[in-house]
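These are my notebook entries on a single model. I set down what I looked up, entry by entry.

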Amino acid sequence: FWDLDEYAWYMPYMRTAQFYGMLHGYPDGSARPANTINRVEMLKFISEASTSITGNNLLGYESYYTDVDYDSWYAPYLGIAYELDLFNENHGGGYLQLHPASRVDRGEVALSLYKMFQAGLLDY
């Protein structure tokens, strides 16, 4: 990726993510390491990590969020978030909401990875 510093602290992680097929970058050939990520981008990363590590296919689970576009690129990754309750959904009016564009914070990442590990989805 043209926008990476090969000596930066993050390079071992970027190389690992690319090796396991979790990082493909953007169409312009960039990786944009300084960008923040949102919930659906994180779901894609951790779902692909699980598939790479365990061989489990996490796609195909159903989800029932009212605030997502089920024709979008991220739709296949939503089911695992629903099944494992990876996010604290807003139950506004009795409807489940994912808030897919919400920026993830470290706590959400850590809790999501922990829940996936507990479910056996990130363990060799």
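**Entry 1**

I began with R32, which is partly exposed at a relative accessible area of 34%. I use buried for under 20% relative accessible area, exposed for over 50%, and partly exposed for in between, with a 1.4 Å probe and protein chains only. I note that the model is predicted, that local features need pLDDT of at least 70 and side-chain atom pairs pLDDT 80 or more, while totals for chains, interfaces and linings use all residues. Residues are numbered from 1 along each chain as its sequence is written, and side-chain values use heavy atoms, with hydrogens and water left out.

I located R32 in the loop between α1 and α2. Helices here are DSSP runs of H or I with at least four residues, strands are runs of E with at least two, and both are numbered from the N terminus. I recorded a positive phi of about 55° for R32, although it is not a glycine.

I then looked up the contact of R32 with D28, and found a salt bridge whose closest N and O atoms are 3.4 Å apart. By salt bridge I mean a side-chain nitrogen of Lys or Arg within 4 Å of a carboxyl oxygen of Asp or Glu. D28 is partly exposed, with a relative accessible area of 43%.

**Entry 2: D85**

I checked D85 for its backbone angle and found a positive phi of about 50°, although D85 is not a glycine. D85 sits in the loop between α3 (78-84) and α4. Its relative accessible area is 35%, so I list D85 as partly exposed.

**Entry 3: Other salt bridges**

How many salt bridges does the structure hold? I count 3.

One of them joins the side chains of R39 and E108, at 2.5 Å from N to O. R39 belongs to helix α2 and E108 to helix α4, so this pair ties together parts that are 69 residues apart in sequence. I find R39 buried, at a relative accessible area of 7%. E108 also counts as buried, at 16% relative accessibility.

Another salt bridge links E48 with K44, where the closest N and O atoms lie 3.2 Å apart. Because E48 and K44 are 4 residues apart in helix α2, about one helical turn separates them. E48 counts as buried, with 16% relative accessibility.

**Entry 4: S50**

Is S50 buried or exposed? S50 counts as buried, at 0% relative accessibility. I place S50 in helix α2. The C-alpha atoms of S50 and L113 are 9.8 Å from each other, and the two residues are 63 residues apart along the chain.

**Entry 5: The largest pocket**

I looked up the largest pocket and recorded a volume of about 1,400 Å³. A pocket is an open set of points on a 1 Å grid over the protein atoms alone, where a 1.4 Å probe fits, with protein on both sides within 12 Å along at least five of seven lines; lining residues have an atom within 4 Å of a point. The volume is the space filled by probe spheres set on the points.

The lining comprises 31 residues, of which M14, P33, N35, I37 and F45 are the closest to the centre of the pocket. Which elements give two or more residues to this lining? They are α1 (11-19), α2 (39-54) and α4 (106-118). I note that α2 gives the most, with 6 residues.

I sorted the lining residues into 20 nonpolar, 5 polar and 6 charged. In this sorting, Ala, Val, Leu, Ile, Met, Phe, Trp, Tyr, Cys and Pro are nonpolar, Asp, Glu, Lys and Arg are charged, and the others, Gly among them, are polar.
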